[in-house]
Amino acid sequence: MVQETHVSAANLIFPLFIVEGNNQKTEVSSMPGIFRYSIDNLLREVESCMNLGLKAFDLFPNIDEALKDKYATESHREESLYLRAISEVKKHFPEACVVTDVAMDPYSSDGHDGIVENGEILNDETLAVLAKMSIAHARAGADIIAPSDMMDGRVGYIREALDNEGFTNVSIMSYTAKYASAFYGPFRDALGSAPKFGDKKSYQMNPANQREALIEARLDEAEGADFLMVKPGLPYLDVIKLLKDSTELPIAAYNVSGEYAMIKAAVQNGWLNEQRAITEVLTSFKRAGATSILTYHAKEVLLNKWL
């Protein structure tokens, strides 16, 4: 009766990893209980989740190294793994909400989110690639485009490109405050997308900065973002609260792979109560102000009726 904060299936977005092939389901070693799916098994997993009331999915591709190049051309090639996956999910489950990741790193031979020249990221040149990718996703049936690259000006560039192609109803969930975090390792393991050199500190945010997130949020809102995301979630609850108090746009939190792996490792060692730890974490995001929570725990909390 007096509980102030509630989390439901409607708040959850389930990230899913995709691989080429048939009847493939391989566990991510650093993320117990999380798998890479070929498209046929992806559809089975989506159906299972839909039956639990989970209807929003964020798709991420594991791309063969032979298909990667400097300009991430595989990211917008017709009949690519990712575009086929989006199309098949929307074909079989039109009521599902499909969120798509827009960034070069899964497709880049350099493993970075932008085009690299002489060791530097070319911000403006990268925008054209991101726009091609976004349009391709929208044509395949994406409901929400989620640029995770952190290039300056990309929200406005993508919004204009989508509108010019008639995709005015496709939303943009901007990775507004994406920090250069230590908590991304298991995700990069899942996709094989780690940088081939250097790090991402020149375009991702400094973990010590809070007010910078406000600058990023105001820019993204002005450029046409429909959601603002904070990533990672747990170390940045203060940033989620700051953005919630500073905008009328909905706030999303990404409960990232490293956060998931920490809890799973502690549970496996008998150090934490799994149900209590997971539900406390998810509640903290909602309490801080996030209404959308991308979390690898999404299916298990509904399957086990923990919410």
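E45 sits in helix α1, which covers residues 39–51; helices here are DSSP runs of H or I with at least four residues, strands are E runs of at least two, and both are numbered from the N terminus. The model is a predicted one, in which local features need pLDDT of at least 70 and side-chain atom pairs count only at pLDDT 80 or more, while totals for chains, interfaces and linings use all residues. Residues are numbered from 1 along each chain as its sequence is written, and side-chain values rest on heavy atoms, with hydrogens and water left out.

So, is E45 buried or exposed? With a relative accessibility of 10%, E45 counts as buried (buried is under 20% relative accessible area, exposed is over 50%, and partly exposed is in between, using a 1.4 Å probe and protein chains only). Setting aside residues up to four places away in sequence, E45 touches F14, L16, Y37 and K299, where a contact means heavy atoms within 4.5 Å. With K299 there is also a side-chain to side-chain polar contact of 3.1 Å. A polar contact is a pair of N or O atoms within 3.5 Å; within protein, one must be able to donate a hydrogen and the other to accept it, and residues adjacent in sequence count only if both atoms are side-chain atoms.

How many cavities of 30 Å³ or more turn up? The count is one. A cavity is a set of points, on a 1 Å grid over the protein atoms alone, where a 1.4 Å probe fits but cannot get out, and its lining residues have an atom within 4 Å of a point. The volume of the largest cavity is about 140 Å³, with grid points joined across faces, edges and corners and the volume taken as the space filled by probe spheres set on the points. Its lining is made up of 17 residues, and the closest to the centre are D105, K178, F187, K200 and K231. Two elements, β9 (171–178) and α5 (185–191), each give two or more residues to this lining. The largest share, three residues, belongs to α5. Sorted by class, the lining holds seven nonpolar, three polar and seven charged residues (Ala, Val, Leu, Ile, Met, Phe, Trp, Tyr, Cys and Pro are nonpolar, Asp, Glu, Lys and Arg are charged, and the others, Gly among them, are polar).

In an unreviewed entry, UniProt lists K178 and K231 under "active site"; its positions are given in the numbering used here, feature names are shortened, and annotations may be inferred rather than shown by experiment.

K178 belongs to strand β9 and is buried, at a relative accessible area of 5%. Beyond its sequence neighbours up to four places away, K178 touches D113, S148, M150, Y184, Q204, M205 and K231. Where S148 is concerned, its backbone oxygen lies 2.8 Å from a polar atom of the K178 side chain. K231 is part of strand β10, residues 227–231, and is buried too, with 6% relative accessibility.

E216 is in helix α6, residues 211–223, and counts as buried at 15% relative accessibility. Leaving out neighbours within four places in sequence, its contacts are M150, T176 and M205. M150 and M205 are also among the residues that K178 touches.

Another buried residue is S284, at 6% relative accessibility. S284 lies in helix α9, residues 274–288, and touches L234 and L237, not counting residues up to four places away in sequence.

Two residues give the opposite picture. E120, in strand β7 (residues 120–122), is exposed at 55% relative accessibility. E120 is 82 residues from S202 in sequence, with 8.8 Å between their C-alpha atoms. D245 lies in the loop between α7 (237–244) and β11 (251–255) and is exposed as well, at 54% relative accessible area. D245 and L214 are 31 residues apart in sequence and 10 Å apart in space, C-alpha to C-alpha.

Terms used: On a 1 Å grid over the protein atoms alone, a cavity is a set of points where a 1.4 Å probe fits but cannot get out, and a pocket is an open set with protein on both sides within 12 Å along at least five of seven lines; lining residues have an atom within 4 Å of a point.
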